[in-house]
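Please work through the exercises below with the sequence and the model open beside you, trying each task before reading its solution.

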Amino acid sequence: MKKKSPAKTNKKALAKEKKAAAPEAKSAKKSYNVLRGMRDILPREDKYWRTFYRTGQHLADFYQFNKIETPILEEASLFVRSIGKGTDVIEKEMYIFEDRDGTKVCLRPEATASIARAYIGNGMWNNQQPVKLWYWGPMFRHDRPQAGRYREFFQAGFETLGIKDPAADAEIILVAYSFFKDIGLPVVIHINSIGTPAERERYINELVSYYRNKRSYLCEDCRNRISKNPLRLLDCKEESCQKVKESAPQILDWLEEDSKNYFMKVLEYLDELNIPYIPTPSLVRGLDYYTHTVFEIYPAFDDAEPKEVSADKEGEQKPATSDNNSLPAQAALGGGGRYDLLVEELGGKPTPACGVALGLERAVNALRQQAEKNNITVRDIKYEIFFAQLGDDAKRLALKLINELRGTGIQLAFNFFKSSLKAQLELANNLKVPYVVILGQKEVQDHTVIIRDMESGVQEIIDQKKLEATLKKKLSKVNGDK
Ligand code: HAM
């Protein structure tokens, strides 16, 4: 037998080693992108998010909704039972996987089912009813990404459990409407009633027989919907299906007197509250748990881009990034309704309920669109004072003085990494602050600071001990003059 020379063996071993090391070297260089349909919320957007949270919190406090946080991960069957098997969310969009113990879990696609679970699990029917809850957090749906549609998106939601009263439906709509009004977005409510399950069943029979006769005019999806989820037939955006929809039977005609009266009362409240709404007979919502009132919230400004939401095809659409943000006019900013049977369906006592969830990325996009068109700068923190420092000693003392001003309510801006006065005044100018505090070497020695009026350019020297009082006095005059 021929023996391998040691040199040859070494060479081979080395090549093998190199090959084995290669994938590692490659992966060390791999750069990572955010997953498709997900996005980083960058600091430049933070002004919107802060305003939204503050607005949500303020409304929740005023209308007495208590904050609840539920886990992002839930048992998958919670949503299958709540949202319904034939729905898009369950059939196509769930992030579902097996946990280490074999339990089927999912990233929550929405939070209403979680709220119902939490209501039951924490015995909230023992509390005074209604129980009013609000939440804020990420939801996950593996949908086709496009502008305004992401795979991870944030919702703020408001839910009222334990009461059936048109005033509760109206209050939920009022909170949602006020949220958009307060952040500066005009909206309109599209509203409908889908009655009780029995009423809906009779209506669906009628709808199915109508659509069966029109089968040849329908898109493929709609042909499937006839047997799988007939109510979704009313949602289709295909032109040929839209035409068929125009003459389709309307659910309101199939409601009993009680359901009709309930709906009329909700509308009367909205009239009283001056909330603009459009009765929309084809609105049925994409989740199965609804009964009676259903509604969606749409932008009411002219410049929402009239794009087709459903027209894109997988792989053809633009990536959903924060820069691709023009909002299709058909993209709802929020949606909700009454779900009187959900708590019972999940094993709780009969508990009527209603709620709404607001799509926060869509609100950012719409607000940004508005601001760009109308040349408005959206800024949430209004700085009042810029604190400028010159030289090492001043920098050290400035840090101390700024820290002392923290908590006084004065909105202070500063930048320790700029050393020239010119650069700092430029920053102050950009922030449109009325006054700049200047601390230089001389002021450090004299225990003084200079206060510069940015409009007149007049400067005044004051004792450091009087800084807070002087600033407050000057600012109260500025704020009072407005
Ligand atoms: P929804 O209509 O599925 O309802 O979602 C509410 C809002 O979340 C939508 O109007 C939209 O603004 C936003 N949204 C939904 N999917 C996406 C997405 N893929 N990307 C960006 N935004 C999205 C619910 O979730 C129900 N839980 C609402 C509810 C509360 N019903 C009763 N209580």
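**Exercise 1: a covered strand**

Strand β12 (residues 385-389) is mostly covered, with five of its five residues buried, where buried means under 20% relative accessible area, exposed over 50% and partly exposed in between (1.4 Å probe, protein chains only). Strands and helices are DSSP runs numbered from the N terminus, helices being H or I of at least four residues and strands E of at least two. This is a predicted model, in which local features need pLDDT of at least 70 and side-chain atom pairs count only at pLDDT 80 or more, while totals for chains, interfaces and linings use all residues. Residues are numbered from 1 along each chain as its sequence is written, and side-chain values use heavy atoms, leaving out hydrogens and water.

Task: determine which residues cover each face of β12, and which strand β12 is joined to.

Solution: Begin with the faces: Ile 385, Phe 387 and Gln 389 lie buried on one side, and Phe 386 and Ala 388 are buried on the other. Next, follow the three bridges that join β12 to the parallel strand β13 (residues 412-414). Finally, locate Phe 386, which stands opposite Ala 413 in β13.

**Exercise 2: a salt bridge**

Task: find where Arg 202 and Glu 256 lie.

Solution: First, the side chains of Arg 202 and Glu 256 meet in a salt bridge (2.7 Å, N to O), a term that requires a side-chain nitrogen of Lys or Arg within 4 Å of a carboxyl oxygen of Asp or Glu. Then, because Arg 202 lies in helix α7 (residues 197-213) and Glu 256 in the loop between α9 (239-246) and α10 (257-272), the pair ties together parts that are 54 residues apart in sequence.

Conventions: Pairing = 2+ DSSP bridges.
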